[in-house]
Amino acid sequence: MKEKLRIAIDGPSGAGKSTIARQVAGALGIDYIDTGAMYRAVGYKALREQIPLEDREALGAMLSATEIDFSGGNTLLDGEVINDKIRTPEVSKMASDISALPEVREKLVALQRQMGSSKSVVMDGRDIGTNVLRDAEYKFFLTASAEERARRRWLELLEKGETVSLEEVQADIAARDHNDSSRPLNPLRRAPDALEIDSSHMSIEQVTAFILRRVCPEQH
């Protein structure tokens, strides 16, 4: 393996980026940086502290006093493990809204670049290959049909015991797709040098194996 290896995985909501990125990182023995969890963490903190997004001064003060890290598969916010707390629909919506604010993106992108410059990482998100790690050694754009992404997310929520209809999840996916691709600041798009993977008819194992063959052909 190269001395330092950065793998960027971008794509729309529900494409399976986090699951794939986690598996690839585990197979390669390098750190997985869940950028979506970072935005969720900030959204969760804003909700917990009841800071409205319009109050930019309070938001700025909160950001300057916020530490986010990853350790042993856990997401840490100011030293507290918040894994399950940031996976609710309410936090999902807040994360999508808050990610459009320039000061939030600036803070988190700086943290992500810092991680990427210091060690080998697999990082997934909406603008990793186009903005955060433009010089990543490997870039992938993972997608799937909107119907398939909604179905996967719906089944995931049902497994967690949440009562939500498939139609609601489809509407949420459509809204997030629109927000992500139309925002003025670093919208979701495939980097010119990223390899696109349509996972609509692929299993998690197949996508993971495909990426590993590209990154380490001699081992896979």
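Student: Which helix does Leu157 lie in, and what makes that stretch a helix?
Tutor: Leu157 lies in helix α7, which covers residues 146-159; helices here are DSSP runs of H or I with at least four residues, strands are runs of E with at least two, and both are numbered from the N terminus. This is a predicted model, in which local features need pLDDT of at least 70 and side-chain atom pairs count only at pLDDT 80 or more, whereas totals for chains, interfaces and linings use all residues. Residues are numbered from 1 along each chain as its sequence is written, and side-chain values use heavy atoms, with hydrogens and water left out.

Student: Why is Leu157 called buried?
Tutor: Buried means under 20% relative accessible area, exposed means over 50%, and partly exposed lies in between, with a 1.4 Å probe and protein chains only. Leu157 has a relative accessible area of 11%, and therefore counts as buried.

Student: What does Leu157 touch, leaving aside its neighbours within four places in sequence?
Tutor: With contact meaning heavy atoms within 4.5 Å, Leu157 is in contact with Glu162, Val164 and Val169. The C-alpha atoms of Leu157 and Gly14 are separated by 12 Å, although these residues are 143 positions apart along the chain.

Student: Why does Asp127 count as buried?
Tutor: The relative accessibility of Asp127 is 3%, and therefore this residue counts as buried. Asp127 has its place in the loop between β6 and α6, where, not counting residues up to four places away in sequence, it touches Asp10, Arg105, Val132, Arg183 and Asn186.

Student: What makes a group of residues a nonpolar core, and which members of the largest one touch the most others?
Tutor: A nonpolar core is a set of buried Ala, Val, Leu, Ile, Met, Phe, Trp, Tyr and Cys residues joined through side-chain atoms within 4.5 Å. The largest such set has 35 residues, of which Met38, Val42, Ile98, Val104 and Leu108 touch the most other members. Elements giving two or more residues to this core include α2 (35-48), α5 (102-118) and β6 (121-125), and α2 supplies the largest share, seven residues. Apart from this core lies another, of 21 residues, among them Ile20, Leu142, Ile197 and Cys216.

Student: Which residues of α4 are buried, and what covers them?
Tutor: Val91, Ser92, Met94, Ala95, Ser96 and Ile98 are buried in α4, and their cover includes α2, α3, α5 and α8.

Student: How do you know that the chain agrees with a compact globule?
Tutor: The radius of gyration is taken over C-alpha atoms, and the globule rule is 2.2 Å times the number of residues to the power 0.38. For 220 residues a compact globule would have a value near 17 Å, and the chain has 17 Å, so the two agree. The chain holds nine helices and eight strands, and 48% of its 220 residues count as buried. Among contacts with a separation of 6 or more, 74% are between residues 24 or more positions apart.
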